[in-house]
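User: Please go through the labels used for this model and show what each one rests on.

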Amino acid sequence: MEHLLQVEHVVRKFGGLTAVNDVSLHLDQHELVALIGPNGAGKTTLFNLLTGMIPVTSGKIDLTTEQSRYDLTRKSPVQIAELGLSRTFQNIRLFKSLTVMDNVLAAMTNQYKENFVTTIMRLPGFYRTEEEMRVAAKQLLDLFDLTNYATTPADKLPYGTQRRLEIVRALATHPQILFLDEPAAGMNPEETADLTNLIKHVQEEFQITVLLIEHDMSLVMNLAERIYVLDQGQILTAGPPEEVKSNPKVIEAYLGEGED
Ligand SMILES: Nc1ncnc2c1ncn2[C@@H]1O[C@H](COP(=O)(O)OP(=O)(O)OP(=O)(O)O)[C@@H](O)[C@H]1O
Ligand SMILES: [Mg+2]
């Protein structure tokens, strides 16, 4: 069986710095995988490569669906989004002055415009009207406990709530792979626990594949089926949470970070 997403020997250089250095990894359908590693390890850069925001210096990224195989390194961010890869940002990117509801509708409308023909072909009747979009948006807001904020401007939301809205926006495009860049950053332990349950629920409910970057180990250890550890641009180790947690190389990489 082919992997859903296959990353092979990917390198990304910024001038003299090799931020991602010969990374190979894969994701299978309906997996929940974590990408962890110290600050500056290259995690966000890898997300930028996977979503086409920056080109690879070398290496290959293949998406294999039931229909076809796609070389993502030759595709634009819009094309990659159309293939069902969606992300959130470490530095939250919302339309600050728009309401919560309008932020979600804007995400859907982008999809609707760029993708009208393919969307209709893939899923007949999918957001044919604004009313349908509103109904779907309301359902997502409800699921993420954001209904009471529907008419609130995004920048008036508490920080942790803005992060939930980012996830809703990413889900509004009906992705098959969702990349979450530090979804629990800035959240308190209770919010983080709620978010952990929510991510699990969404992954099961929408039958999607999730790759998440996170520093909060409670979230990672509770959610991830597998973990990749990135350090200085390279995969240090990979495996199930129990194995990764007790790996001396991982402990050293994190302790090393704590010392400086
Ligand atoms: N556009 C860029 N231009 C130059 N250097 C960059 C660029 N983006 C990232 N880098 C560098 O690449 C390295 C990896 O950065 P990256 O943001 O991917 O790390 P990270 O693992 O996401 O870290 P953090 O946990 O702090 O978010 C860093 O040294 C960073 O300064
Ligand atoms: Mg980062």
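Analyst: What follows takes the salt bridges and then the surroundings of the ligand.

Analyst: This is a predicted model, in which local features need pLDDT of at least 70, side-chain atom pairs count only at pLDDT 80 or more, and totals for chains, interfaces and linings use all residues. Residues are numbered from 1 along each chain as its sequence is written, chains are lettered from A and ligands numbered from 1 in the order in which they are written, and side-chain values use heavy atoms, with hydrogens and water left out.

User: Why is the pair Glu-2 and Arg-69 called a salt bridge?

Analyst: The term requires a side-chain nitrogen of Lys or Arg within 4 Å of a carboxyl oxygen of Asp or Glu. The closest N and O atoms of Glu-2 and Arg-69 are 2.4 Å apart, so the pair qualifies. Glu-2 lies in the segment before strand 1 (5-14) and Arg-69 in strand 5 (residues 69-71), so the bridge ties together parts 67 residues apart in sequence. Strands here are DSSP runs of E with at least two residues, helices runs of H or I with at least four, both numbered from the N terminus.

User: Are Glu-31 and Arg-226 counted as buried or exposed, and how do you know?

Analyst: Buried means under 20% relative accessible area, exposed over 50%, and partly exposed in between (1.4 Å probe, protein chains only). Glu-31 has 10% and is therefore buried; Arg-226, at 19%, is buried as well. Their side chains form a salt bridge, with 2.8 Å from N to O.

User: What makes Lys-200 partly exposed?

Analyst: Its relative accessibility is 28%, so Lys-200 falls in the middle class. Glu-204, with 44%, is also partly exposed. These two residues form a salt bridge at 3.6 Å, and they are four residues apart in helix 7 (residues 189-205), about one helical turn.

User: What makes the approach of Thr-45 to ligand 1 a polar contact?

Analyst: A polar contact is a pair of N or O atoms within 3.5 Å; within protein, one must be able to donate a hydrogen and the other to accept it, and residues adjacent in sequence count only if both atoms are side-chain atoms. A polar side-chain atom of Thr-45 is 2.6 Å from an oxygen atom of ligand 1, so the pair meets the limit. A backbone N or O atom of Gly-40 lies 2.8 Å from a ligand 1 oxygen atom.
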